[in-house]
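Reader: Please take me through a single part of this model in close detail. Start with the rings and the charges, then go on to the strands.

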Amino acid sequence: MSGRWDAQRIRFLQEAAERAQFHAELAQQIVLHLGGCRTLLDAGCGLGYLSLALAPYVERITAADRDENALRFLARQCTEKGVTNIAIHCGALEAFRPAQPFDAAVFCLFGQTEQAFLLAKRLCRRKAVFIKRNEAFRRFSAEKAAVRPQNGYAQAVAFLRERGVPFFAQEVCASLDQPLRSVEDARRFLSLYNRPQAVDAMSNEVLRAALVETGEAEFPYLLPGARRLGMIVLDAQAL
């Protein structure tokens, strides 16, 4: 399985997610469209924070990802929080053959748009929700790396319109700021999103200028992380 979620990546997202309302706010937007849905697939769930936020609203969630480290983290979170209605599936969704389709599926920042649509049609019998990037550049990119248009919100909307598929769409703004323990911690964090040479070339003064001082002892710095997203909701069987 992929080693994408190593200990450092897990630590950074855990520190951000547990101080922000990002996943709770996203879940609130999603559940408005899940009336009557009892089972839900969280496709490419990562550490599972969105699954945890959605768990109170459905009977059963299957949180699926390829990464064993991420899913072990989620399993520990479920135990610690007493969440009992999340089932974990490790593996590629292309090979996933559930006993029956899910009532709903969420594809949050999940790979290629057309791939997600094909999976939704096969794995979901009712509502499919897609959360897509709606920004020109990647978040935390020191070099203004462009978002691949085939993975974006505008492309997904255009794809559906061209095929005459009915859908609901709205733009969503939410923040997932990154708390940091030091300037060097900021450098380590940015190295996850940029070429090492680009981060090494940044002076401490340049790094400090990008940070917000919090006055807190544990996390004296914050890297603002406003996110522009787009949400698309449709009947999966209309795809």
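Author: A charge sits over a ring if NZ of Lys or CZ of Arg is within 6 Å of the ring centre and within 35 degrees of the ring normal. Arg-163 does this with Phe-159: the charge lies over the face of the ring, 3.6 Å from the ring centre. Arg-11 and Phe-12 give another case, with the charged end of Arg-11 over the ring of Phe-12 and 4.2 Å from its centre.

The model is predicted: local features need pLDDT of at least 70, side-chain atom pairs count only at pLDDT 80 or more, and totals for chains, interfaces and linings use all residues. Residues are numbered from 1 along each chain as its sequence is written, and side-chain values use heavy atoms, with hydrogens and water left out.

Now the rings. Phe-159 belongs to one aromatic cluster, together with Phe-107, Phe-110, Phe-117 and Phe-130. The structure holds eight aromatic pairs (Phe, Tyr or Trp six-membered ring centres within 6.5 Å; stacked under 30 degrees between planes, edge-to-face over 60, the rest tilted). Phe-117 and Phe-130 make one of them, an edge-to-face pair with centres 4.8 Å apart and planes at 90 degrees. This pair links distant parts of the chain. Phe-117 sits in helix 5 (residues 113-123) and Phe-130 in strand 5, 13 residues apart. Helices (H or I, at least four residues) and strands (E, at least two) are DSSP runs numbered from the N terminus. Both Phe-117 and Phe-130 are buried.

Phe-117 also pairs with Phe-159. That pair is tilted: 5.3 Å centre to centre, 40 degrees between the planes. Here too, distant parts of the chain are linked, as Phe-117 is in helix 5 and Phe-159 in helix 6 (residues 153-162), 42 residues apart. Phe-117 counts as buried because its relative accessible area is 4%, where buried means under 20%, exposed over 50% and partly exposed in between (1.4 Å probe, protein chains only). Phe-159 is buried because its relative accessibility is 12%.

Phe-130 leads on to the strands, since strand 5 holds Phe-130. Strand 5 (residues 124-133) pairs with strand 10 in the antiparallel sense over seven bridges (pairing needs at least two DSSP bridges). Lys-127 has Asp-235 in strand 10 as its bridge partner. Strand 10 also pairs with strand 6 (residues 168-175), again antiparallel, over eight bridges. There, Gly-230 of strand 10 stands opposite Glu-171. Strand 10 itself (residues 226-235) is mostly covered, with seven of its ten residues buried.
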